[in-house]
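Visitor: I am new to this structure and would like to learn how to read it feature by feature. Could you take me through it slowly, giving the general idea before each case?

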Amino acid sequence: MSDTKEQSFYSLIRPYLKKYLPSHKWPVIGGVVAGVLAAAASGFGLPVIVQKVCPVVFGTVPTPEWLTAFLGRWFTPEEIPMATLIGAACVIPVVMMIRGLATYLNSYLLSLAGLGLMTDLRTDVFARLQWLSFSFHDRHQRGKLMTIVIQFTQSLQTNLVHVLNDLVVQPLTLIAAMAYLIYAALTNNESAVLLGNLLISCLCIPLVRWVGKSVLKKMRAALKEMGKITESVEESLAAQREVRAFNLEGQREGILSAVIRKYNGILIRVAAWQGGLSPAIEVVSALALAYSLYRGAGDGLTLEAFTAIATAFYFCYDPIKRLGTVANLCRTMEVMIEGINGVLEAVDETPEPANPLSLPAPVAGAVDYENVTFAYNEEKTVLRNINVHVPAGDVVALVGPSGSGKTTFINLICRFYDPQQGAVKIDGVDVRDVSRAERTRTIGLVSQFAALFHGTITENIRVGRPGATDEEVRKAGDLACVSEFADRKPEGYELVLAEGGGGLSGGQKQRVSIARAILKDAPILILDEATSALDMRSEAVIQEALDNMASNRTTFIIAHRFSTIRMARRILVFNEGQIVADGSHQELYDSCALYRSLYDEQVRSATEDRKETLV
């Protein structure tokens, strides 16, 4: 790995280490201490055993005088040889025990720290996604974001644990082994052997750099394909009705299979590069060892000295080989961190105000649009120069052709987006100056697609007001006709719903969503096709609850069914991003051709539906 790339990777990982490591400093410190012991036992201890202890065990060298004198305090001269043999033999398991225990503690403690660090990071990535603007989510496919939150952080966690382990143990092992080689060279005047091997070992550096560059390029492509796999699966599962209705199973399987084949092909090439690195380093190591053997034999090295040097060289080249793998893992992590940074460093286009203003208490709910212009992108303006004053407590319906800007209009009240020009105000305060928490408490939303969560019916209704009692939840459910179907279930309101409200029909889900808004009791209510999933009978029953909800609060209603907006005292007609008419039903029917055509078409459709029902 080149210095530039190392700095690049370090600059990417440094902010996360600085932020998260202090919370896990004790496992890191313990792991480093254990790594020092493991490295010393491996790189220095084992070669010493080979050179100093084994010859004593096999009697090829006499027992050192200091050891004979020491043992003479407890043993007779006849017992000293056996005591020496037993003691020398015990040194081997003691050193290996220290090495094994230290290696275990190093791996366990650094794994603990790595897992904790990545848990914090994954939580922050997910939290950031919850706060980023809708514009960010519009620009990024959901499958790609899921890949970053789940797969990128999981792979980063796994790789980081390996990297932390090897970055502590392997360099220290290499240093310890090098220290022994220096010691051996100085004491045996065999520096030529040492230097020769060091020169050959330099061949590993360009090899690691070359492989690392290739791996980085291929991992970028592989992770891109990984995102496509997630996107394809998520897209197919989210559209199961359409897939089966149009007989698209084979097509979707073919698309996914093609992406997987491409992804696997890239991974195979990555594995080939990574798998070839270790054998290549081993070949270089073998050349260095052969050179050592050649020079050592010519210079009169003893078998014990050569074996010790060979052991030390093993503990030099094995770390180099492992550090080569670490370099490749760092390349992979670099790509993943870049993806994570794309989330964590993304600009929030609807940021929290630095000094939020409070809405007047109590919130009346008056809404003003002052010269508002909004576009999702530069190609098409969705709203143009909107100027509307909605007094507190007014009930306003928004009608118009699809794509005319109705939903965008209410999105700006909720501050899902910010206008490029103008301001949206609640009780005279720009929504951009109000904290998200206060704005959320002020607005109740029932959208066209009821979003329910895994949990009971009670828990899903209580989302509207987390502190509500069971009695209050039940009352909201009664008003929204939830009790009508919940009481027929053995579990009642404690029925556990699957993901997305699985187990309920579309109309039942919508009733739970309406009950949630009733429970919230916010001063501003937005009904975006709130009864679209209900049948005519259910709509008629719930309409009374909606009428009661709308009283004494500012209400915006979007509905294609004109029967749903009959409670509106005022109607805004949208067309191509502008409000082209504003008034009561009768005023608009008499003066606005677009409204009259929309209303007449609705009446004709309703009449035909009734005729078909009677037949």
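Visitor: Which residue is the bridge partner of V399 in β11?

Guide: Strands of a sheet pair through backbone hydrogen bonds, either parallel or antiparallel. Here the partner of V399 in β11 is V573, and the two strands concerned, β3 (residues 395-399) and β11 (residues 570-575), run parallel and are joined by four bridges. Two strands count as paired if DSSP finds at least two bridges between them, while strands (E, at least two residues) and helices (H or I, at least four) are DSSP runs numbered from the N terminus. Please keep in mind that this is a predicted model, in which local features need pLDDT of at least 70 and side-chain atom pairs count only at pLDDT 80 or more, whereas totals for chains, interfaces and linings use all residues. Residues are numbered from 1 along each chain as its sequence is written, and side-chain values use heavy atoms, with hydrogens and water left out.

Visitor: What is the order of the strands in the open sheet of six?

Guide: The order is β6-β9-β10-β3-β11-β12, and the pairing is mixed. The edge strands, β6 (443-446) and β12 (578-583), each pair on one side only. On average, neighbouring strands of this sheet are turned by 20° against each other, with direction ignored.

Visitor: Which strands does α12 lie across, and at what angle does it run to β10?

Guide: To read such a packing, look for contacts, meaning heavy atoms within 4.5 Å, and then compare axes, which are lines fitted to C-alpha atoms, for helices over the stretch in contact, with angles from 0 to 180 degrees between N-to-C directions. In this model α12 lies across β3, β6, β9 (524-528), β10 (554-558), β11 and β12, and runs at about 150° to β10. Helix α17 (residues 506-520) also packs on this sheet, where it touches β6 and β9 and its direction makes about 170° with that of β6.

Visitor: What is the order of the strands in the open sheet of four, and which strands stand at its edges?

Guide: This sheet has the order β2-β1-β4-β5, with antiparallel pairing. Because β2 (380-390) and β5 (429-430) at the edges have a single partner strand each, one side of each is left without a neighbour in the sheet. The antiparallel pair β4 and β5 is held to two bridges, and I426 stands opposite V429 in β5. Helix α12 packs on this sheet as well, touching β1 (367-377), β2 and β4, and its direction makes about 115° with that of β1.

Visitor: How many of the residues of α12 are buried?

Guide: A residue is called buried under 20% relative accessible area, exposed over 50%, and partly exposed in between (1.4 Å probe, protein chains only). Seven of the eight residues of α12 are buried, so the helix is mostly covered; among them are F409, I410 and L412. The helix is followed by R415, whose phi is positive, near 60°.

Visitor: Where is D418 found, and is D418 buried or exposed?

Guide: D418 is found in the loop between α12 (406-413) and β4 (421-426), and D418 counts as buried because its relative accessible area is 16%. Its side chain makes a polar contact of 2.8 Å with that of R415, a polar contact being a pair of N or O atoms within 3.5 Å; within protein, one must be able to donate a hydrogen and the other to accept it, and residues adjacent in sequence count only if both atoms are side-chain atoms. Leaving aside residues up to four places away in sequence, D418 touches E349, T350, F374, L412 and R432.
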